[in-house]
Amino acid sequence: MNERDLADLTLATAASAIRAGTLSPVALTEALLARIERLQPALNAFITVTAAEARAAARAAEDGRGPGGPLHGVPVALKDLFDTAGVRTTAGAKLFADRVPAEDAAVVARLRGAGAISLGKLNMHEFAFGVTNDNPHYGRTRNPWNHERVPGGSSGGSGAAVAAGLCLGALGSDTGGSIRIPAALCGITGLKPTYGRVSRRGAVPLAWSMDHVGPMAGDVTDCALLLNVIAGHDPLDPASADQPVPDFLAGLEDGVRGLSIGLPRRFYFERLNNEVAAAVEAAAEVFRAAGARLQVVEVEDVEQMGITGGVILVAEAAAYHQRSLREHPEGYSEDIRRRLLLGELYPATAYVNAQRARGRASAVFARALSEVDLLLTPATPVTAPPFSGLGSETRDTLTRFTMPTDLTGLPSLVQPCGFDAGGLPIGLQLIGRPFEEALVLRAGRVYEHATDWRLRRPPLAG
Amino acid sequence: MTAPHQQLEPRDRLRAHLNALGLPADEATLDLLLPGYPGLLSGVARVAMMPRPEDEPASVFRVAGALAPAHFPEEADA
């Protein structure tokens, strides 16, 4: 196989081939490192490439050493807010430019324990506090589909790296949409699991009560495989849920016949690009053809959830950064400094009332999801915007359909469902009940089985 | 009746707000924060008007921690 063929492998296929002895972890790692070396100058998807460490791990995997496990010898990459022992973890911030953790984050330890090889640390929006990945300290990450467009964020390096075939899977985090927005804008698959499903221990926080960790990969099966590895109770993460963890690969091919899928037409199908709307409408028909029943549902007051989530997110971020912002204001970009200082001006009553409104938001979604099994929505109202002309309204637009399930913690999958006339990817979003990631993934698998959007490759990625 | 500080121009109101919290209110800080300040005030006002459970003070602390309906049956039934 040549370099392109190796980069096109799914994570599951590569893992299986390595297990069967038909694929060399060294050859696969070298191919991806060569792609990174060639494409990094244009895409800037990585902040730190750990080539020597990856080569050593690949050699060990090839020699049959290492932990073994479902990801034995498979190269992945990590958003640079997950602590890595001995490797700097910047969170995309100047303030953390020299921060070298002593221990791996819980999810990094789980990936290593499953045999995965880390290729390095992926670029991100500064402190995960934004959705464009226009990072003033480490440079902007560019969208592989069009270098003048944003990749989305804050896990934009993860989205760009997976889309460009620089790694077979990646980890992201999602507080206002930071897994799902780059997944949609880069044309890959990303899952924000239920709040508490995946440990956040060792991940630099943005907003404690809204931070989620999840997989980003080329397809649904790969997300399920990664979730199998990273999900599970962690008593050292106060938000971790002690819930049974199913095998997310089991039942993945069981289809959607007999399931009901809700279309929340009000809000989610309003004020959006026509091509996005048409692509998601067409996706709904794919689900209908596969045997699902479509039903229009109402998610009451969902238009207020962006404000509610915004107050909680900014207030918690301001609390986390308060001391270091006082001591090292020069360590923050002007935009982040502005937003964090403004966060200190929220009255305590606004935060508490937002948390009270949040309880109602959860009840509203629970009501909608008592009528149907899943909700289908667009992931973002628009495709990737250009770097020129970005503003605060960009953030409001891109998070409009993702913020509600960060607020309510519901599992939400984004996958590609088309392209606009400019060749930019469009994403759909499937939302499920708490801890029903398996059902969300199962439906997503139906969609990708019936379509081939995920197989398209960015022309600029080589 | 409008409180006196609410009659101020946004820049003066921001300065008063920062002073009340003991935060720096120099001109550079005002320049930095002023573009986002009206949005903050609007957000605070909107959150204050939002529907929310009035009889569930405990739900204040029900941040998303445990979401399974079985954990909070009364909210799931709401």
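Helices and strands are DSSP runs, numbered from the N terminus. The views below come from a predicted model.

**View 1. A:Ser118 within strand 3 of chain A.** Strand 3 spans residues 117-122, and A:Ser118 is one of its residues. The relative accessibility of A:Ser118 is 8%, so this serine counts as buried, the cut-off for that class being under 20%. From its side chain to the backbone nitrogen of A:Gly120 the distance is 3.3 Å. Leaving aside residues up to four places away in sequence, A:Ser118 is in touch with A:Thr50, A:Glu53, A:Ala54, A:Val76, A:Leu78 and A:Arg112.

**View 2. The cis peptide bond between A:Gly153 and A:Ser154.** The omega angle of this bond is about 15°. A:Ser154 belongs to the loop that runs between strand 3 and helix 6 of chain A. Helix 6 covers residues 156-163.

**View 3. A:Asn133, a residue other than glycine with positive phi.** The phi angle of A:Asn133 is near 60°. In chain A, the loop between strand 3 and helix 6 holds this asparagine. A:Asn133 counts as buried because its relative accessibility is 0%.

**View 4. A:Arg271, a residue other than glycine with positive phi.** Phi is near 55° at A:Arg271. The loop that contains A:Arg271 lies between helix 9 (265-268) and helix 10 (274-289) of chain A. A:Arg271 has a relative accessible area of 68% and is therefore exposed, as that class begins over 50%.

**View 5. The interface of chain A and chain B.** Here 40 residues of chain A meet 32 residues of chain B. The size of an interface is often given as the accessible area lost when the parts come together. For chain A and chain B the buried area is about 3,100 Å², with 70% of it on carbon and sulfur atoms. Zero salt bridges are counted between the two chains. Two residue pairs are in polar contact across the interface, both at pLDDT 80 or more.

**View 6. The side of chain A that touches chain B.** Four helices of chain A each give at least two residues to this side: helix 11 (305-327), helix 12 (334-343), helix 13 (348-371) and helix 15 (403-408). Helix 13 provides the largest share, with 14 residues. Sorted by class, the residues on this side of chain A are 18 nonpolar, 11 polar and 11 charged.

Methods. Residues numbered from 1 in each chain as written. Chains lettered and ligands numbered in written order. Heavy atoms only, no water. Buried < 20%, exposed > 50% of the residue type's maximum accessible area, 1.4 Å probe, protein only. Polar contact = N/O pair within 3.5 Å; in protein donor to acceptor, adjacent residues only side chain to side chain. Contact = heavy atoms within 4.5 Å. Buried area = accessible area lost by both parts, 1.4 Å probe. Salt bridge = Lys/Arg side-chain N within 4 Å of Asp/Glu carboxyl O. Nonpolar A, V, L, I, M, F, W, Y, C, P; charged D, E, K, R; others polar.
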